[in-house]
Amino acid sequence: MTNCRLCNNKLLLINNFGEMPIANAFQNKVNNAQFTFNLQTGFCNKCFMFQLIDQPPPEKMFHQDYAFSTRSSMFMIKHFQNVAKMIKTNFISDPDDNVLEIGCNDGVMLEQIQKYGVKNIGVEPSANVAEKSQEIGLEIINDFFSEELALNMKNNSNYFKVIYASNVICHLPDLNDLCKGITKILKKDGIFIFEEPYLASIIKKNSFDQIYDEHVYFYCILSLNNLFQNYNLEIFDSEEIWTHGGSMRYFVSFKGKYPKTERFRNSLHKEVKLKLDREETYLNFNKNCEKIKYDINQTLADLKNKNNEIVGYGATSKSTTFINYCDIGKYINFISDTSHSKINKFTPLSNIPIKDYSSFQESCHSFTILFAWNHMKEIFKKETEYFDNGGNWIVYVPEVKIISKEEIE
Ligand SMILES: [Zn+2]
């Protein structure tokens with residue numbers, strides 16, 4: 001059994017999802033010899049951090065062909081433009097105030113910050129997306145963020161009013177190193193803002209598909225408070241946001257710099273009520289995961305026995321955990337997706353063909369599994385014709401359910 005990555009306390013094993021490929025490792029052809037690792041989670045009852053027990057080496061996950069690009073999603077472009085506006089409006093007041101983004105991907109947020117005339121630097125380890133940021137004129141350091149990198153920046157007199165990261169901090173296995181790095185280059189009145197999938201949301205929705213190789217930690221205020229207090233940092237504000245099926249945006253400063261907000265206190269109170277600091281919560285979560293696995297298998301086997309054709313909607317990274325843990329690849333004819341980097345490829349390990357959007361419109365399947373469940377409302381609105389033609393959706397968050405037209409009317 002492994003120890004907590006943060007405080008070295010013995011971890012309690014929670015989920016064992018079995019052998020899992022890299023969630024984003026979409027294959028050019030059917031491949032039965034893919035890299036896998038054992039996807040397991042553990043809970044630390046001392047610092048309350050819910051975490052992966054093993055994580056594949058970073059070069060297996062973030063590399064030249066890293067598939068995710070922010071600009072491929074209109075939702076995310078809009079989201080990051082709003083983030084830039086929020087940072088500019090609330091935290092930038094002096095011409096010297098500058099912004100660092102850790103994991104800036106293809107630079108959507110910083111491009112907007114630049115348009116506001118605010119000085120900025122991006123750090124991005126994946127070369128292909130870092131190049132895209134450089135092409136639009138942004139200053140990018142193509143590296144992983146670390147204390148060492150922060151020290152180099154400090155030597156060049158780079159101190160930041162705002163350090164921002166989205167869906168990145170949960171990727172970094174050494175959080176102590178991150179905190180040391182942040183404290184080196186954050187101005188005295190600076191703000192470290194980061195947003196990540198929210199543990200409370202995962203537990204409430206049983207959305208275990210958020211658990212995959214890239215996400216080594218699943219955060220809540222209770223666990224982050226324990227981490228930050230070691231570095232003279234504290235969360236003073238928090239904002240629940242809709243991205244990735246339920247995320248939290250944390251606002252962190254040096255201790256005592258800013259008053260704690262009402263919504264921060266409310267969120268903390270909710271976490272205590274949800275018992276995110278108790279083992280029983282996580283053991284119960286695992287039971288719910290096992291029930292969903294059982295239910296989806298029953299449902300799909302039954303539909304297949306009645307000769308129904310089943311397809312999937314959205315070849316998401318999340319779906320890799322769901323498909324492989326539940327072992328449902330055998331039921332699914334294909335998954336449709338609109339992203340060019342995925343079309344005509346095959347899903348990791350389960351080898352399900354990924355087809356373009358027109359395949360979804362043209363085929364006469366009556367059941368579609370919604371893997372992009374975090375966009376459920378928009379998708380149901382867009383696909384009214386599918387409903388009208390008698391199509392049914394299968395959702396699995398927070399439980400397995402078939403949704404027909406009558407169901408939502
Ligand atoms: Zn711990």
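Me: Domain bounds here come from an automatic or database domain assignment. Which domains does that give in the protein chain?
Reply: Happy to walk through it! This is a predicted model. The assignment gives domain 1 as residues 55-277 and domain 2 as residues 296-408. The C-alpha centres of the two domains lie 31 Å apart.

Me: What makes this a contact, and how many residues does it take from domain 1 and domain 2?
Reply: Contact requires heavy atoms within 4.5 Å. By that test, 14 residues of domain 1 and 14 residues of domain 2 take part. The area buried between the domains is about 1200 Å², with 67% given by carbon and sulfur atoms. On the domain 1 side, Phe 75, Phe 208 and Asp 209 lose the most area to domain 2, together 43% of what that side buries.

Me: Why are β1 and β9 called edge strands?
Reply: The open sheet has 4 strands, ordered β1-β2-β3-β9 with antiparallel pairing. β1 (12-20) and β9 (217-218) each pair on one side only, so they are its edges.

Me: How do you know that β3 and β9 pair?
Reply: Pairing needs at least two bridges. Strand β3 (residues 50-52) and β9 have 2, in the antiparallel sense, so they count as paired. Phe 50 has Phe 218 in β9 as its bridge partner.

Conventions: Residues numbered from 1 in each chain as written. Predicted model: local features only at pLDDT ≥ 70, side-chain atom pairs only at ≥ 80, totals over all residues. Heavy atoms only, no water. Buried area = accessible area lost by both parts, 1.4 Å probe.
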